[in-house]
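Here's a quick briefing to read alongside the model. It covers how the copies sit together, then the annotated sites.

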2 protein chains.
Amino acid sequence: MSTQQKHNFGAGPCILPISVMEKAASSVINWDGSGLSILEVSHRSAEFEEVVAKTQLLVRELLSVPEDYEVLFLQGGASTQFSMVPQNLLQASGNKKGAYLDTGYFAQKAIEQARHFGEVQIVASSREKGYNYIPDNYSLHHDAAYLHLTSNNTIEGTEIFEFRNFGVPLVCDMSSDIFSREIKVSDFDLIYAGAQKNMGPAGMTLVIIKKTLLTKIKYPLPAMYDYRTYAANNSMYNTPPVFSIYVSMLNLLWLKDQGGVSAIEKQNIKKAELLYEAIDKSEIFYGTADGGHRSRMNVTFQCRDKKHENGFLNYAQERGIVGTKGYRSVGGFRASLYNALPLFSVEFLVKTMAYYEKMQEMKNANQSQKIGA
Amino acid sequence: MSTQQKHNFGAGPCILPISVMEKAASSVINWDGSGLSILEVSHRSAEFEEVVAKTQLLVRELLSVPEDYEVLFLQGGASTQFSMVPQNLLQASGNKKGAYLDTGYFAQKAIEQARHFGEVQIVASSREKGYNYIPDNYSLHHDAAYLHLTSNNTIEGTEIFEFRNFGVPLVCDMSSDIFSREIKVSDFDLIYAGAQKNMGPAGMTLVIIKKTLLTKIKYPLPAMYDYRTYAANNSMYNTPPVFSIYVSMLNLLWLKDQGGVSAIEKQNIKKAELLYEAIDKSEIFYGTADGGHRSRMNVTFQCRDKKHENGFLNYAQERGIVGTKGYRSVGGFRASLYNALPLFSVEFLVKTMAYYEKMQEMKNANQSQKIGA
């Protein structure tokens with residue numbers, strides 16, 4: 001039996017490479033000949049400590065993380081970071097404000113949580129246009145503790161391609177595009193990401209934080225909400241999500257074998273271009289995100305005539321395409337093109353869209369003939 | 001290849017049944033013939049929602065959880081609960097105090113974290129005796145918001161067998177003995193447990209909370225730190241730890257097949273008695289926990305002559321016994337006898353202890369002969 005018998009366009013948890021699944025499965029039975037399952041090894045064993053060290057090193061290598069940044073593994077997903085960021089950085093900042101760019105559903109969630117810890121300034125929002133673009137005409141109050149961005153908006157299908165420097169710490173939720181393209185880590189002071197897109201299985205969170213930022217936290221925080229706890233204990237203050245870290249290591253090794261982030265970025269551009277091109281020339285479908293801000297990871301589109309919505313979803317599903325239904329609050333379609341999704345899956349989706357369109361044309365032609373007859 | 005080529009006495013993450021490992025591995029490749037890996041399915045899919053529902057139901061069945069309790073799945077381990085408990089129950093209680101029974105390393109950790117959220121009263125402590133017993137001669141101030149207990153002390157090898165009613169909410173960390181013995185859930189108002197002992201793999205936390213307790217939280221809390229978020233969203237406010245929940249379901253199904261908690265408790269008593277008996281009749285080893293409070297899950301013992309410490313650890317390891325080294329702050333030995341550890345592993349350990357002792361006797365006899373000669 002093999003995975004990827006389906007074309008999985010799911011938004012996350014998402015497709016991982018077949019070779020990663022196979023190695024993960026074999027390690028659940030017997031991990032590297034140890035006679036133990038990866039699920040039953042002690043997180044304090046030398047062998048697992050090596051897994052953590054290797055995973056950290058792979059993150060550093062693949063993203064060229066500078067030495068003065070910590071690479072941390074947490075639990076609780078990006079949603080927990082929506083609290084931890086202001087708890088660590090805003091609450092301690094005196095009377096400063098947390099500046100947020102409101103680019104969608106998850107940016108909103110981050111804003112909501114920040115209000116628990118201090119005052120929030122929304123520097124700009126694309127809400128009035130259904131979040132179909134990234135606002136870039138904004139400035140910051142001089143009293144911003146940090147600026148928070150969402151680099152890729154999974155639900156709305158937009159992505160930030162340029163990061164401006166405002167002279168305040170830059171915090172970025174990169175849950176759905178980390179490892180998909182080259183970034184300059186030194187442009188940011190704190191990057192966080194739920195693992196379940198391009199890193200590994202659900203259940204772990206990556207945090208990359210500038211060491212000087214840690215020293216600014218002067219007051220005591222509950223241990224598990226405090227970045228310093230993870231930095232001081234090599235992300236092993238308590239039992240970490242062993243399996244998620246292990247599979248992330250396998251997946252990052254796979255990425256390195258593919259040529260790293262720059263190589264996968266080329267692939268990702270190719271996949272996204274192919275799909276956007278198909279959408280743009282279609283008579284049935286249209287893209288929802290603004291040209292310059294279209295996400296390469298989550299391609300959102302709709303159909304001009306709502307009757308095709310279920311029609312196409314069913315047709316695609318019959319052909320082994322899964323996960324293309326748009327987010328419940330948005331509707332339409334969303335095809336996620338994460339690193340592990342092969343080009344041939346995108347080609348297959350594009351063909352399926354063309355077939356469907358052809359079918360509709362023939363149906364319409366038949367009906368016209370009947371009416372004509 | 002099969003798991004359990006080793007006798008795994010590790011304290012957690014720990015041994016799980018072979019059949020669970022095998023099914024988990026096969027689902028990493030192709031989950032129930034879906035053509036998808038369990039690692040790449042959407043947590044919003046009907047199929048995974050069924051996994052969550054089934055896991056909740058199994059918890060309810062196995063522990064006879066009354067209807068007026070919520071069964072929640074969180075992340076962050078018991079260590080996160082050390083904060084969430086006082087954050088939800090103490091901070092809102094007016095000027096009440098969090099009452100804690102100090103029975104060991106993890107009780108201490110819980111106490112430390114509670115101090116972030118309010119005043120703490122330590123009702124009794126066995127610290128002065130190295131936590132080798134459970135204090136039971138104590139009373140509560142009338143202004144206690146709750147009493148917090150650690151039912152099983154993983155590091156010190158003690159366990160609470162009687163739960164008294166003080167007329168205040170009873171909160172219990174059951175990380176290392178939940179599902180190992182029958183409990184009356186209605187004796188407690190909040191039970192929490194890191195999954196990685198008798199429930200499933202590391203990366204999820206079980207919380208069982210009385211619904212009336214939730215209504216007492218009147219003030220806003222950050223979403224991910226608020227029990228109400230998990231209750232209102234069926235533990236799926238954000239992406240849950242999919243694989244850990246899935247394997248927990250498999251493991252609880254296994255437990256049900258074994259005859260449930262009452263049946264496994266009999267097995268666990270048998271295993272513990274066998275090992276304690278061997279320790280008590282040994283000339284080399286001695287148990288560290290007080291008679292009436294000896295844990296059935298974590299058997300802690302030492303050797304009278306320290307020279308045997310490494311000697312026995314090496315000898316045991318050569319025979320395929322792993323995980324018997326005592327916690328770093330305690331030293332000596334700890335054999336954890338969780339649900340999935342078969343009786344024959346305990347028999348094998350007991351035999352190994354006897355062989356080792358015999359070997360030492362022969363060595364001594366040889367030396368005496370030489371001296372005599």
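**How the two chains meet**

In this predicted model, the copies meet through the same surface, since 100% of the interface residues of chain B are also interface residues in chain A.

**Binding-site annotation**
- An unreviewed UniProt entry puts "binding site" at A:A78, A:S79, A:F106, A:T154, A:D173, A:Q196, A:N238 and A:T239.
- These positions don't all gather at one spot, because they span 162 residues in sequence and the farthest two C-alpha atoms are 30.7 Å apart.
- From this set, A:N238 and A:T239 are part of the lining of the largest cavity.

**A closer look at A:A78**
- A:A78 sits in helix α3 of chain A, which runs over residues 77–89.
- With 12% relative accessibility, A:A78 counts as buried.
- Setting aside neighbours within four places in sequence, A:A78 is in contact with A:D173, A:S175, A:Y192, A:G194 and A:T205.

**A closer look at A:F106**
- A:F106 belongs to helix α4 of chain A, residues 105–114.
- Its relative accessible area is 30%, so A:F106 is partly exposed.
- Not counting residues up to four places away in sequence, A:F106 touches A:F82, A:T154 and A:I155.

Conventions. Residues numbered from 1 in each chain as written. Chains lettered and ligands numbered in written order. Predicted model: local features only at pLDDT ≥ 70, side-chain atom pairs only at ≥ 80, totals over all residues. Heavy atoms only, no water. UniProt positions renumbered as here; feature names shortened; annotations may be inferred. 1 Å grid on protein atoms, 1.4 Å probe; cavity = no way out; pocket = protein on both sides within 12 Å on 5 of 7 lines; lining within 4 Å. Helix = DSSP H or I, 4+ residues; strand = E, 2+ residues; numbered from the N terminus. Buried < 20%, exposed > 50% of the residue type's maximum accessible area, 1.4 Å probe, protein only. Contact = heavy atoms within 4.5 Å.
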